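Please look through the sequence and the model before reading the points below.

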Amino acid sequence: MYFKTLFLIKRMMDTPWLRRRWLDFRFGHSTYLIFIISLANFVLIFHRLLIERVDFLNEIFENLWVFTIIFILIYIPVSIVVGAWHRKTQLKVESTQTMNQNPVMAKMIRSLLDIIDGRATKEEIEAFRNFLLKIEQGKG
């Protein structure tokens, strides 16, 4: 029974529709939802472990909502500055590393070079064209 269940799960996961939903779930969870949850968690823990235990901070930020608003007013501009720094300095490095490890990108560039050099057959060119067309149509 256990192996039959695993087989059915694996078979379901091999369907393109389900794989796309899994990817959508991961993007939605890791990019958006977990961000909101972790930010709220951080604010609550920070308030409980620091603000409530230090008397003069507790007098200033007696109310959790006041602390949350002030925290967000400081946190958002700092995050924007750090994000801009990352975009201007680190993103190029990350993009280069990602591209260097992407076999699809390597195959596409190699195919283009083969076409330019005249090494590619008509079948290879047509297969490459169909591959790109599927990507453009969102079916890739």
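Is Asp-114 buried or exposed? Asp-114 is buried, at a relative accessible area of 16%, where buried means under 20%, exposed over 50% and partly exposed in between (1.4 Å probe, protein chains only). The model is predicted, so local features need pLDDT of at least 70 and side-chain atom pairs count only at pLDDT 80 or more, while totals for chains, interfaces and linings use all residues. Residues are numbered from 1 along each chain as its sequence is written, and side-chain values use heavy atoms, with hydrogens and water left out.

**Salt bridges**

- There are four salt bridges, each defined as a side-chain nitrogen of Lys or Arg within 4 Å of a carboxyl oxygen of Asp or Glu.
- One of them joins Arg-110 to Asp-114, with the closest N and O atoms 2.9 Å apart.
- Arg-110 is partly exposed at 45% relative accessibility.
- Another links Glu-52 and Arg-48 at 3.3 Å between the closest N and O atoms.

**Nonpolar core**

- The largest nonpolar core has seven residues, including Leu-39, Val-43 and Phe-71; such a core is a set of buried Ala, Val, Leu, Ile, Met, Phe, Trp, Tyr and Cys residues joined through side-chain atoms within 4.5 Å.
- Helix α2 gives the most to this core, with three residues; helices are DSSP runs (H or I, at least four residues) numbered from the N terminus.

**His-47**

- His-47 lies in helix α2, residues 16-51, and is buried at 5% relative accessible area.
- Beyond its neighbours within four places in sequence, His-47 is in contact with residues including Glu-52, Phe-61 and Phe-67, contact meaning heavy atoms within 4.5 Å.

Definitions and conventions: Helix = DSSP H or I, 4+ residues; strand = E, 2+ residues; numbered from the N terminus.
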